[in-house]
Amino acid sequence: MNKIAPHLDGVATVGIAGHVNPDGDCVGSVMGLYLYLTENYPKLTVDVYLEHVRPEFYYLKKIEDVKDSWDGETKYDLFILLDTSSKDRIGVAFDAFEMADKTICIDHHVSNRGFANENHIVPDASSASETLYELLEEEKITLPVAEALYTGIIHDSGVFQYSCTGPRTMEIAGKLMAKGVPFAKIIDESFNQKTYVQQQILGRTLMESIRLMDGKCIVGIVTKKQMDFYGITKKDLDGIASHLRMTKGVEVAMFVYETGIQEYKVSLRSNCYVDVSKIAAEFGGGGHIRAAGCTMNGNVYDVINNLTYYIDKMLKDSDD
Ligand code: AMP
Ligand code: MN
Ligand code: MN
């Protein structure tokens, strides 16, 4: 796919969505495309779907248009998914996607096998927002579109520090900045700022973390009981895995939190040489080389033991 425009020929209705538990790149790319289409193609009827959007993204224009469920009827000529690596990650818009006449997926996950009619997957891109930018006409990118895309890029690149950041990421960020994006405000409000309880659970997890394999692996755990005590949800735990990764000497950080009876969500991060997407894939998950995730069953010790087996193996393989 070169540009999005030819795919709109003969199309009257468009649905747009991202993945479950939407992160900054998901919200940024979905809203970027929604704003681009509504501002440049006024004859199109466009609906946008996302699961609960966190308040830190409320500065995005028309965020109030987001629907969190499908009406069970509306059939779209075209449905576009962003940042969504597999069908089971679609969530609230799954049925609308299945019912649509034509589907497109714009993504950057290496694990994406191409489940839509048309798939535009660029694993080298920092984010789905960067991938989307390349499909748009530069002169049609208004300030609200630029704000959304900039949001997506800074979130998935960790404000231009993760290895997914490339020269092109910086060029695109520069072009968006030239459109007047209030970059310092966006970085601070949507990325840096945390609520007091978020800081507390982060601090507690770091304090109670354990190191394994000569300090090359670090493990952080949050139980359901702790989440109830602080009155927090899974969204408040974002960023803890990345903080664990920053520990000197650590190659792999593992962050595990309880999501149900004998069920844990796992976030994996690595620094230099371990491909954590391979470890996540062993347990039915996926992601990227330096950031991946999966959901696992069993008690917390089973979960950690099963993961450390692979991590240990990969650390040893890289010693050879
Ligand atoms: P997280 O650790 O949840 O922040 O996710 C890190 C990366 O792994 C993100 O790019 C996610 O898209 C991906 N990821 C997380 N959980 C899963 C999963 N269960 N299946 C596939 N990909 C996942
Ligand atoms: Mn995402
Ligand atoms: Mn992404």
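**Helix packing and ligand surroundings in a predicted model**

The structure is a predicted model, in which local features need pLDDT of at least 70 and side-chain atom pairs count only at pLDDT 80 or more, whereas totals for chains, interfaces and linings use all residues. Residues are numbered from 1 along each chain as its sequence is written, chains are lettered from A and ligands numbered from 1 in the order in which they are written, and side-chain values use heavy atoms, with hydrogens and water left out.

Helices (H or I, at least four residues) are DSSP runs numbered from the N terminus, as are strands (E, at least two). The axes of α3 and α5 (residues 167-178) come within 11 Å and cross at roughly 70°; axes are lines fitted to C-alpha atoms, for helices over the stretch in contact, and angles run from 0 to 180 degrees between N-to-C directions. This angle makes α3 roughly perpendicular to α5. Angles of 65 to 115 degrees count as roughly perpendicular, those under 35 as roughly parallel, those over 145 as roughly antiparallel and the rest as oblique. In this pair, Glu-130, Tyr-133 and Glu-134 of α3 are in contact with Arg-168, Thr-169, Ile-172, Lys-175 and Leu-176 of α5, contact meaning heavy atoms within 4.5 Å. By class, three of these residues are nonpolar, one is polar and four are charged. The nonpolar class holds Ala, Val, Leu, Ile, Met, Phe, Trp, Tyr, Cys and Pro, the charged class Asp, Glu, Lys and Arg, and the polar class the others, Gly among them.

Helix α3 (residues 128-135) also packs with helix α1 (residues 24-40), at an angle of about 20° and with the axes 8 Å apart. Helix α1 is therefore roughly parallel to α3, and their crossing is left-handed. Asp-25, Gly-28, Ser-29, Gly-32 and Leu-33 of α1 form this contact with Ala-128, Ser-129 and Leu-132 of α3.

In a further pair, α4 (residues 143-157) and α6 (residues 183-192) pack at about 55°, their axes being 10 Å apart. Helix α4 is thus oblique to α6, and the crossing is right-handed.

Around ligand 1 there are 13 residues, of which His-109, Lys-265, Ser-267, Arg-269 and His-288 come nearest; a residue counts as near when one of its heavy atoms lies within 4 Å. An N or O atom in the side chain of Arg-269 is 2.8 Å from an oxygen atom of ligand 1, and for Lys-265 the corresponding distance is 2.9 Å.

Definitions and conventions. Left-handed = near helix turned anticlockwise from the far one by under 90°. Polar contact = N/O pair within 3.5 Å; in protein donor to acceptor, adjacent residues only side chain to side chain.
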